[in-house]
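Q: I would like a close look at a single part of this model, followed by an account of what lies around that part. Please take it slowly and keep to what can be read from the coordinates.

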Number of protein chains: 2
Amino acid sequence: MHAYTLSRALPSQSDQMSLPAAFDGTQPQPVSFYPSGSEIYAQGEKAGALYQVEFGAVRLYRLLADGRRQISAFHLAGETFGFEADATHHFFAEAINATGVRAVRPAAGADVSRKLLPLALKGLIRAQEHLLVLGRQSAIERVAAFLLDMAERQGGLQPVELPMSRMDIGDYLGLTIETVSRVFTKLKDKGTIRLLGLRNVEIVRYDTLRNISE
Amino acid sequence: MHAYTLSRALPSQSDQMSLPAAFDGTQPQPVSFYPSGSEIYAQGEKAGALYQVEFGAVRLYRLLADGRRQISAFHLAGETFGFEADATHHFFAEAINATGVRAVRPAAGADVSRKLLPLALKGLIRAQEHLLVLGRQSAIERVAAFLLDMAERQGGLQPVELPMSRMDIGDYLGLTIETVSRVFTKLKDKGTIRLLGLRNVEIVRYDTLRNISE
DNA sequence: CGGACTGTTGAACGTTCTCAAAGACCGTGG
DNA sequence: CCACGGTCTTTGAGAACGTTCAACAGTCCG
């Protein structure tokens with residue numbers, strides 16, 4: 001059981017960068033920089049914009065009253081987050097590392113739903129698949145599924161980079177940091193993965209990992 | 001650990017019923033009847049239509065290779081399900097009881113995304129909130145949250161009707177039927193709820209239940 | 001080089017699962 | 001209407017998995 005103190009850092013804007021906007025019919029926005037651990041938005045805040053990760057990584061999470069945390073999703077470079085069912089944010093969003101985020105504010109009158117729907121549906125499928133992991137899989141199955149997911153999202157490049165801490169992984173997989181650490185060690189000892197650094201993993205045997213994650 | 005055999009029943013159509021269609025720009029469809037336990041669609045099938053529950057209840061779920069099941073959502077009368085990110089169903093849908101379902105097939109060229117987006121977003125929020133339950137809550141907290149959710153979806157009317165079996169509840173909450181049963185008994189013994197029948201629960205103390213579910 | 005934070009490892013505990021058996025409920029047919 | 005059979009639910013006892021608590025090790029930055 002653990003509690004979190006939320007640090008709020010005002011993002012700095014760097015108009016230097018000008019990557020293409022995600023949506024047609026949107027007003028171009030500069031990239032905001034968020035230092036490691038800083039809050040992008042909080043639960044209960046007024047929503048309105050979407051956010052596209054330019055570099056770095058973001059965690060979305062909810063808290064229980066006693067401080068237990070569930071990370072519902074990580075978002076890496078290129079991914080979009082921040083859609084809500086109503087005008088309020090239902091989750092916290094924080095930068096995991098030094099992160100650049102571009103706000104995507106739909107132009108008034110633009111048909112945003114046509115662009116937004118595929119993203120929302122993809123998020124829905126992803127969340128529902130994660131339900132299966134949290135509801136029905138063992139610790140080692142969860143970690144294996146997580147590693148495969150991270151590898152896939154990085155295009156299968158080795159080594160796989162884990163931008164987040166063990167605590168983030170635990171709070172995403174519904175495990176404690178100790179259990180996550182033990183499973184990593186076990187997979188390492190079995191020769192399934194190699195730990196190149198705390199946040200760099202080489203997957204030696206993909207098939208073994210796939211079998212573990214079912 | 002348990003496996004499921006899927007029974008496929010051809011739905012019978014009753015054109016008698018003609019409740020209003022959910023969406024503008026859709027072709028009106030008759031209500032299809034699905035007997036208890038019958039399959040509405042299967043994982044891997046080609047998707048295309050949406051479904052609105054007219055009466056009865058539906059479960060959406062995924063299976064692991066060894067038969068473990070995770071129900072990602074229940075859908076009661078009036079609710080809509082069946083949206084997918086691509087042209088394929090990623091889940092199974094089954095009638096829990098005798099259930100009437102109306103297919104909602106968008107007319108060609110209709111702007112379905114504008115109508116669909118709110119539903120998808122609501123489903124996303126619901127799934128992500130369920131992640132918190134599965135990832136971070138104890139058995140009694142899960143059951144309490146489930147009962148409150150069912151009560152709310154039925155307008156707070158007493159007694160709360162549970163259309164599904166203990167196994168369905170377990171597979172939704174990531175618990176075994178034995179644990180679900182034990183928690184029900186515990187809540188009954190504490191006087192928080194009253195079990196009027198196997199599938200009828202009276203919530204005696206809402207506040208206690210809310211405190212339990214955090 | 002030092003200090004704080006993050007991660008790893010160990011031992012004991014607790015919650016939930018598994019296996020087993022008895023009890024309650026329901027639909028069917030007599 | 002009641003008896004029967006099958007299914008679902010409840011209850012119990014023991015085992016397993018993951019957590020908790022604690023100490024140590026490693027890593028990152030100053």
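How many residues does helix α2 of chain A have, and how far does the helix reach from its first C-alpha to its last?

A: In this predicted model, helix α2 of chain A takes in residues 139–153, which makes 15 residues, and from its first C-alpha to its last it reaches 21 Å, close to the 21 Å expected at 1.5 Å a residue. The helix is mostly covered, with eleven of its 15 residues buried, where buried stands for under 20% relative accessible area. The buried residues of α2(A) are E141(A), R142(A), V143(A), A144(A), A145(A), F146(A), L147(A), L148(A), D149(A), M150(A) and A151(A). An α-helix has 3.6 residues a turn, so residues three or four places apart point the same way. After the helix comes G155(A), which has a positive phi, near 75°.

Chain A is superposed on chain B by a rotation of 180° with 0.0 Å of shift along its axis, and the RMSD is 0.1 Å. The two copies are thus related as by a two-fold rotation axis. Within chain A, the residue that comes closest to the rotation axis is L124(A), whose C-alpha is at 2.4 Å.

Residues of both chains are found around DNA strand C, and of the 17 residues there, S181(A), R182(A), T185(A), A139(B) and T179(B) come nearest. Of the DNA strand C atoms within 4 Å of the protein, 67% belong to sugar or phosphate, while the rest belong to bases. An N or O atom in the side chain of S181(A) is 2.8 Å from a phosphate oxygen, a polar backbone atom of A139(B) is 2.7 Å from a phosphate oxygen, and a polar side-chain atom of T179(B) lies 2.4 Å from a phosphate oxygen. The elements that give two or more residues to the surface near DNA strand C are α4 (177–189) of chain A and α4 (177–189) of chain B, and α4(A) gives the most, with four residues. By residue class, this surface divides into four nonpolar, seven polar and six charged residues.

Chain B also shows how the strands are arranged. Strand β6 of chain B, residues 57–63, is mostly covered, since six of its seven residues are buried. β6(B) pairs with strand β7 (residues 69–76) of chain B in the antiparallel sense over seven bridges, and in this pairing L76(B) of β7(B) is the bridge partner of A57(B). The two strands form a hairpin with five residues between them, and in the turn G67(B) has a positive phi of about 100°. β6(B) is also joined by four bridges to strand β9 (residues 92–95) of chain B, again in an antiparallel arrangement, with F92(B) of β9(B) as the bridge partner of Y61(B).

Elsewhere in chain B, three strands form an open sheet in the order β11-β13-β12, with antiparallel pairing. Its edge strands are β11 (160–161) and β12 (193–197), each of which pairs on one side only. Two bridges join β11(B) to β13 (residues 200–203) of chain B, and V160(B) stands opposite V201(B) in β13(B).

Key: Residues numbered from 1 in each chain as written. Chains lettered and ligands numbered in written order. Predicted model: local features only at pLDDT ≥ 70, side-chain atom pairs only at ≥ 80, totals over all residues. Heavy atoms only, no water. Expected span 1.5 Å × (residues − 1). Buried < 20%, exposed > 50% of the residue type's maximum accessible area, 1.4 Å probe, protein only. Near = heavy atom within 4 Å. Polar contact = N/O pair within 3.5 Å; in protein donor to acceptor, adjacent residues only side chain to side chain. Nonpolar A, V, L, I, M, F, W, Y, C, P; charged D, E, K, R; others polar. Pairing = 2+ DSSP bridges. Least-squares fit on C-alpha atoms with pLDDT ≥ 70 in both.
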